[in-house]
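This report covers one structure, shown below.

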Amino acid sequence: MPTKKLFLLPGDGIGPEVMAEVEKIAAFLGEAGVAHFEMEKGLVGGSAYDAHGKAISEGDMALAKAADAVLFGAVGGPKWDGVPYDVRPEAGLLRLRKDLELFANLRPAVCFPAIADASSLKREIVEGLDIMIVRELTGGVYFGEPKEIIDLGNGQKRGIDTQVYDTYEIERIGRVAFDLAKQRSNKVTSSDKRNVMKSGVLWHEVMSALHKREYPEVTLEHQLADALGMQLVRWPKQFDVIVTDNLFGDMLSDVAAMLTGSLGMLPSASLGDTDPKTGTRRALYEPVHGSAPDIAGKGRANPLAMIGSFAMALRYSFGLAAAAEQLSRGMADVLASGLRTADIRGDATSVVSTSEMGEAVLQALRKATV
Ligand code: NAD
């Protein structure tokens, strides 16, 4: 049985509540002989600030670097609204992304048939939807220099951000997208704004060349980012893997998120480069939602985004595709049986707590694993 090092950073608010459900599932996979997870736990965000005066300690950063995968809950809350900018809760997540060099953000948008009515779009548009948005996470206009506000001296100021991409950055995110497509429906849609941006011209050129050179067996299409935004809400099932830059990816992945209904259902992964010596890659898995201070401590959080993030870890970090599939099917079965947390209650007459939902998924997994 393989042993995997899992570093847990539950964080603040509902983070620890949803992480607790993943811990039970990971422990069960150990008992069932699927894989043994060596789990260590650290502090991040407000809880790290309270303990160490910073959003993540050096010791916990070292553990994150040594782990096979990091599982992250959520950070932040009103308690830490006034803390200095450098040590605000989000700084912990940004430090992890930067130091682990996590350049690829994977956001699946999967619509479970049982809760298709929770989407703001019609059931037939979203039912059975399964797309993956791959967003470049460490480059582009969020990081490009110069980045400043300058005083023009005539009562005017000028705000400047710089969109910049090098060939290697486009190639490495392109490879992530093409490799994913090969395990899915074999189609990549690359999105840019080459009609108005030079970085878009290069993005298009590099993606096309990479496709021709390394992935001719995958279907590649290009769509301008604005057109893709329209297509996402018109007929999202036309897509398989969408790859785009940091800025467009930020917006388009949020649009795609809403197709599926609730924030409590959305997992994500952030991946780094593969180490050529070990074949492994740094990775952090986290739900898209925040720390939800309005419901923290009440047992009302939906744990499925966190559990779905763990399913992604099983698939992308641990090569346990069958276990990932069983876990995802377990979640679908539980939803199909009518179980609902408050955020996805729809017409349901009763709702279950965080731990009841986690327990139901565990039971479904237990049945599938027997
Ligand atoms: P949020 O995602 O925490 O909550 C938005 C709404 O969705 C709330 O009504 C909340 O109750 C609900 N919600 C979120 N997750 C849910 C779940 N699993 N189950 C049921 N309902 C859920 O966003 P926010 O309210 O804008 O931010 C709250 C705090 O979280 C802020 O401090 C913010 O900075 C932080 N935040 C952190 C992250 C992160 O850690 N990655 C992401 C976003 C926001």
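## K122

K122 counts as exposed because its relative accessibility is 57%; exposed means over 50% relative accessible area, buried under 20%, and partly exposed in between, with a 1.4 Å probe and protein chains only. K122 is found in the loop between β4 (104–110) and α5 (123–126). Helices (H or I, at least four residues) and strands (E, at least two) are DSSP runs, numbered from the N terminus. Along the chain, K122 and L259 are 137 residues apart, while their C-alpha atoms are separated by 9.6 Å.

## Basis of the values

This is a predicted model, in which local features need pLDDT of at least 70 and side-chain atom pairs count only at pLDDT 80 or more, while totals for chains, interfaces and linings use all residues. Residues are numbered from 1 along each chain as its sequence is written, and side-chain values use heavy atoms, with hydrogens and water left out.

## Ligand site

Which of the 21 residues around the ligand come nearest? They are E90, G290, A292, D294 and N302; a residue is near a molecule or strand if one of its heavy atoms lies within 4 Å of it. The shell around the ligand divides into 10 nonpolar, 7 polar and 4 charged residues. In this division Ala, Val, Leu, Ile, Met, Phe, Trp, Tyr, Cys and Pro count as nonpolar, Asp, Glu, Lys and Arg as charged, and the others, Gly among them, as polar. β3 (69–74) and α4 (89–99) each supply at least two residues of this shell.

Polar contacts are pairs of N or O atoms within 3.5 Å; within protein, one must be able to donate a hydrogen and the other to accept it, and residues adjacent in sequence count only if both atoms are side-chain atoms. An N or O atom in the side chain of E90 is 2.8 Å from an oxygen atom of the ligand. A polar backbone atom of V75 is 2.9 Å from a ligand oxygen atom, and a backbone N or O atom of A292 lies 2.8 Å from an oxygen atom of the ligand. On its own the ligand has 800 Å² of accessible area, of which the protein covers 67%; areas come from the Shrake-Rupley method with a 1.4 Å probe, and for residues only the protein chains shown count as cover.

## Helices α2 and α4

In α4, the buried residues are P89, A91, G92, L93 and L96. These pack against β1 (3–11), α2, α3 (58–66), β3 and β12 (281–287), where contact means heavy atoms within 4.5 Å. E101 follows α4 and has a positive phi, near 50°.

S47 is in helix α2 (residues 46–52). Its side chain reaches the backbone oxygen of V44 at 3.0 Å. Apart from neighbours within four places in sequence, S47 is in contact with G11, D12 and W80.

Helix α6 (residues 167–182) has 16 residues and reaches 22 Å from first C-alpha to last, close to the 22 Å expected at 1.5 Å a residue; the expected span is 1.5 Å times one less than the number of residues. Its buried residues include I170, I173, V176, A177, F178 and L180, and also E169, E171 and R172.

In α8 (residues 225–234), A225, L228, G229, Q231 and L232 are buried. Their cover includes β5 (130–136), β8 (187–192), β9 (219–224), β10 (241–244) and α9 (246–259).

L247 is in helix α9 and is partly exposed, with a relative accessible area of 24%. Leaving aside neighbours within four places in sequence, L247 is in contact with V141 and Y142.
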